[in-house]
Amino acid sequence: TNVRLTLEAADLAEYANIKGGFDGALAKMTQLAEKARASKDSFDLHAARSALFDVKNIKMKLYRATAVAKRHGAAQYIRQTHAANLPRATIVFFHHQTMLETLRAEFPDAVVIDGSTPAKARQPIVDKVASGQKTLAFLSLAACCVGLNFTPEVTRVVFAELGFNPSDLRQAEARAHRIGAKHPVQIDYLIAESTLDGNILALN
């Protein structure tokens, strides 16, 4: 299910500032392409590479700014749905540290697995969630989209952030959709209006 988050203007301030730079870089790259098509001169490869680098660099800044914009809305949504989902467990996928920091501040009792979690410490955390000892877990998309099994007690999966690779999202969903699952699993994708989420959603 796609869940649309309503954001305040203050939440979008950082995103809006970066978006202006992105639009300018994209316009520059478009101009270079049009000039190349119209001119018989050789293509300015250096300028094209520089413009492409700027677009990619700013896009990643927009990706982080999307997390900044939606973090408080995500925390509010998780608070509501996690309470309604008890006594079953909820797992939440994130990508940026700014999202994790906000969620950990709101839910200090939740468990976390990210890139800094030692390999030998991961399975005990998974076992606590799968057995119902812990009912809320925050999982890094990069570190946890494969190889972990959270059934049978997880019945809600929330994507606080989206990823550019659709297969990573499907693999992450499968952490709760495994053999041994005893209950239906609700999958929620949190979408922040007027952010990069719309573009990522189109890819997926």
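This is a predicted model: local features need pLDDT of at least 70, side-chain atom pairs count only at pLDDT 80 or more; totals for chains, interfaces and linings use all residues.
Me: Are the rings of F159 and Y189 stacked or edge-to-face?
Reply: A pair of aromatic rings is described by the distance of the centres and the angle of the planes. For F159 and Y189 the centres are 4.4 Å apart and the planes meet at 5°. Planes under 30 degrees apart count as stacked. The pair of F159 and Y189 is therefore stacked.

Me: Is Y189 buried or exposed?
Reply: Burial requires a relative accessible area under 20%. For F159, the ring partner of Y189, the value is 0%. Y189 has a relative accessible area of 8%, so Y189 is buried.

Me: Which residues do ring pairs link into a cluster?
Reply: The whole structure contains four aromatic pairs. One of them joins F159 to Y189. Through ring pairs, the cluster comprises F93, F159 and Y189.

Me: Which residues have the most contacts inside the largest nonpolar core?
Reply: The largest nonpolar core has 37 residues, and helix α2 (residues 45–85) gives the most to this core, with five residues. A second, separate core of 23 residues includes A69, F107, V158 and L190. Inside the largest core, the residues with the most contacts are I91, F93, V157 and F159.

Me: Why is β6 largely enclosed by the rest of the structure?
Reply: Strand β1 (residues 2–5) pairs with β6 in the parallel sense over four bridges, and L190 of β6 is the bridge partner of V3. The strand β5 also pairs with β6 in the parallel sense. As for burial, β6 is largely enclosed because the number of its seven residues that are buried is six.

Me: Within what arc do the buried residues of α6 fall?
Reply: Helix α6 (residues 166–173) has L169, A172 and E173 as its buried residues. Seen down the helix axis, these residues line one face of α6, because they fall within an arc of 100°.

Me: Which elements do the buried residues of α6 pack against?
Reply: The buried residues of α6 include A172, and F93 touches A172 among other residues. The elements packed against the buried residues of α6 are β2 (89–94), α5 (141–144), β5 (154–159) and β6 (186–192).

Terms used: Residues are numbered from 1 along each chain as its sequence is written. Side-chain values use heavy atoms; hydrogens and water are left out. Buried means under 20% relative accessible area, exposed over 50%, partly exposed in between (1.4 Å probe, protein chains only). Helices (H or I, at least four residues) and strands (E, at least two) are DSSP runs, numbered from the N terminus. The arc is that of the directions from the helix axis to the C-beta atoms. Contact means heavy atoms within 4.5 Å. Rings of Phe, Tyr and Trp (its six-membered ring) pair if their centres lie within 6.5 Å; planes under 30 degrees apart count as stacked, over 60 as edge-to-face and the rest as tilted. A nonpolar core is a set of buried Ala, Val, Leu, Ile, Met, Phe, Trp, Tyr and Cys residues joined through side-chain atoms within 4.5 Å. Two strands pair if DSSP finds at least two bridges between them. Lists of a residue's contacts leave out its neighbours within four places in sequence.
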